[in-house]
Amino acid sequence: MCSLLSRVFLLRSVHPVRPCPPHSPCLGLCPQCRVLRTGWDLRGRGNMLAVHFDQPGGPENLYLKEVARPSPGEGEVLLKVAASAMNRADILQRQGQYAPPPGASTILGVEASGHVAELGPGCQGHWKIGDPVMALLPGGAQAQYATVPEGFLMPIPAGLTMAQAAAIPEAWLTAFQLLHLVGNVQAGDSVLIHAGVSGVGTAAIQLTRLAGAVPLVTVGSQDKIQMAEKLGAAAGFNYKEEDFSEAAMKFTEGAGINLILDCIGGSYWEKNVNCLAVDGRWVLYGLLGGNEVNGPLLSKLLFKRGSLISSLLRSRDKKYKQMLVKTFTEQVVPHFSTESTHRLRPVVDRVYPVAEIQEAHKYMESNQNVGKIVLELPQ
């Protein structure tokens with residue numbers, strides 16, 4: 001073993017693998033940083049790099065650690081991860097507020113793109129080694145390798161990069177589920193999408209248009225309204241400058257909103273119910289604005305004959321997720337093609353090398369992103 005490799009092996013045997021600080025004098029050339037940027041596996045085929053934290057807390061607790069490479073079980077494939085998109089679930093899990101489902105990997109990450117590296121026992125032959133795929137995962141995507149049930153894989157549409165493909169599974173499946181399986185969207189419906197330029201929001205705008213409904217969004221700046229309108233939103237409301245419920249009622253000429261996709265929760269309850277149409281559906285899938293309600297929610301909802309429905313995706317069972325992936329693959333994935341008359345496109349805000357995981361989390365927490373934040377894994 002050469003002297004450089006010996007020093008790197010010793011370094012990694014004693015300390016967790018962490019990159020040097022940004023603008024470090026090493027300029028990324030020290031053995032530690034070179035390991036992270038090139039993906040060297042100096043301990044043999046059984047290990048990989050993965051995002052890790054020792055205790056719940058802030059972004060500063062995140063680092064890359066060498067861990068055992070997983071092996072695919074019955075009906076699973078081993079995915080060599082090229083890219084993994086970030087989600088709010090990653091922040092909540094890092095903070096100790098959102099445990100992964102029972103049996104899932106504790107490594108962060110619920111969506112990824114890459115190539116099939118190995119087939120586990122019992123696979124049905126839908127995939128072969130080397131196939132480019134995008135995948136929904138219950139956890140474990142922010143690592144060089146991850147195991148995935150074969151029914152959670154989707155083909156990567158032609159013309160998309162690995163970063164774009166990584167931005168599809170969780171966000172787009174969530175939006176598709178909220179609109180169709182939970183919200184029962186109909187052609188002509190008005191659909192109010194909170195956090196309209198988030199990953200789910202940008203997907204929901206396009207899927208609402210595809211369904212023949214009318215997407216409206218709430219966002220926090222004029223620039224984000226313009227971005228939402230480019231994606232197909234009929235109108236955008238800046239919640240920092242106006243009462244979105246009044247603006248929505250004006251837009252719908254007093255009829256109200258047929259379907260609300262709400263990731264905010266507590267702080268928006270009164271405005272949501274105020275602009276909900278009679279017999280409208282209000283789908284709750286997040287609590288960014290808190291989990292407490294103080295006021296006459298039930299009487300207001302009853303007066304509107306409104307439906308308040310809650311939904312999550314990560315905690316759904318395997319059979320449901322396989323059904324969702326299959327339906328989405330058949331009905332939506334072809335529309336990502338350049339040949340589709342209703343072309344869909346994943347929106348990627350920034351791409352970070354995974355060694356910059358702390359900066360990626362800080363950026364997501366700043367709420368500046370339009371679309372998805374994607375991590376690239378060393379190959």
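Biologist: What should I know about the model before we start?

Modeller: It is predicted, so local features need pLDDT of at least 70 and side-chain atom pairs count only at pLDDT 80 or more, while totals for chains, interfaces and linings use all residues. Residues are numbered from 1 along each chain as its sequence is written, and side-chain values use heavy atoms, with hydrogens and water left out.

Biologist: How many helices and strands in the protein chain?

Modeller: There are 12 helices and 15 strands. Both are DSSP runs numbered from the N terminus: helices are H or I with at least four residues, strands are E with at least two.

Biologist: And what share of the residues is buried?

Modeller: 52% of the 379 residues. Buried means under 20% relative accessible area, exposed over 50%, and partly exposed in between, with a 1.4 Å probe and protein chains only.

Biologist: What about contacts between residues 24 or more positions apart?

Modeller: They account for 67% of the contacts with a separation of 6 or more. A contact means heavy atoms within 4.5 Å.

Biologist: Let's take helix 6. How far does it reach?

Modeller: Helix 6 covers residues 199-210 and reaches 17 Å from its first C-alpha to its last. That is close to the 16 Å expected at 1.5 Å a residue. The expected span is 1.5 Å times one less than the number of residues.

Biologist: Why call helix 6 enclosed?

Modeller: Because 10 of its 12 residues are buried, the rest of the structure largely encloses it. Among the buried ones are G199, V200, I205 and L207.

Biologist: What do they pack against?

Modeller: Helix 5, strand 8, strand 9, helix 7, strand 11 and strand 15. Just after helix 6, G212 takes a positive phi of about 80°.

Biologist: New topic. How much space is in the largest pocket?

Modeller: About 1,400 Å³. Of the 49 lining residues, R88, C263, Y285, G286 and L288 are the closest to its centre. On a 1 Å grid over the protein atoms alone, a pocket is an open set of points where a 1.4 Å probe fits, with protein on both sides within 12 Å along at least five of seven lines; lining residues have an atom within 4 Å of a point. Points are joined across faces, edges and corners, and the volume is the space filled by probe spheres set on them.

Biologist: Which element gives the largest share of that lining?

Modeller: Helix 5, with 5 residues.

Biologist: Where does L181 sit, then?

Modeller: L181 is in helix 5, residues 169-182. L181 is partly exposed, at 37% relative accessible area. It touches F176, Y320, M323 and L324, not counting residues up to four places away in sequence. L181 and L324 are 143 residues apart in sequence, yet 8.9 Å apart C-alpha to C-alpha.

Biologist: How many aromatic pairs are there?

Modeller: The structure holds 5. Rings of Phe, Tyr and Trp (its six-membered ring) pair if their centres lie within 6.5 Å; planes under 30 degrees apart are stacked, over 60 edge-to-face, the rest tilted. F244 and Y268 have ring centres 4.9 Å apart and planes at 55°, so that pair is tilted. Both residues are buried.

Biologist: Which residues form a ring cluster?

Modeller: Y239, F244 and Y268, linked by ring pairs.

Biologist: Which charged end sits over the ring of Y145?

Modeller: That of R69, 4.0 Å from the ring centre. The cut-offs are NZ of Lys or CZ of Arg within 6 Å of the ring centre and within 35 degrees of the ring normal. R316 likewise lies over the face of Y320, at 4.3 Å.
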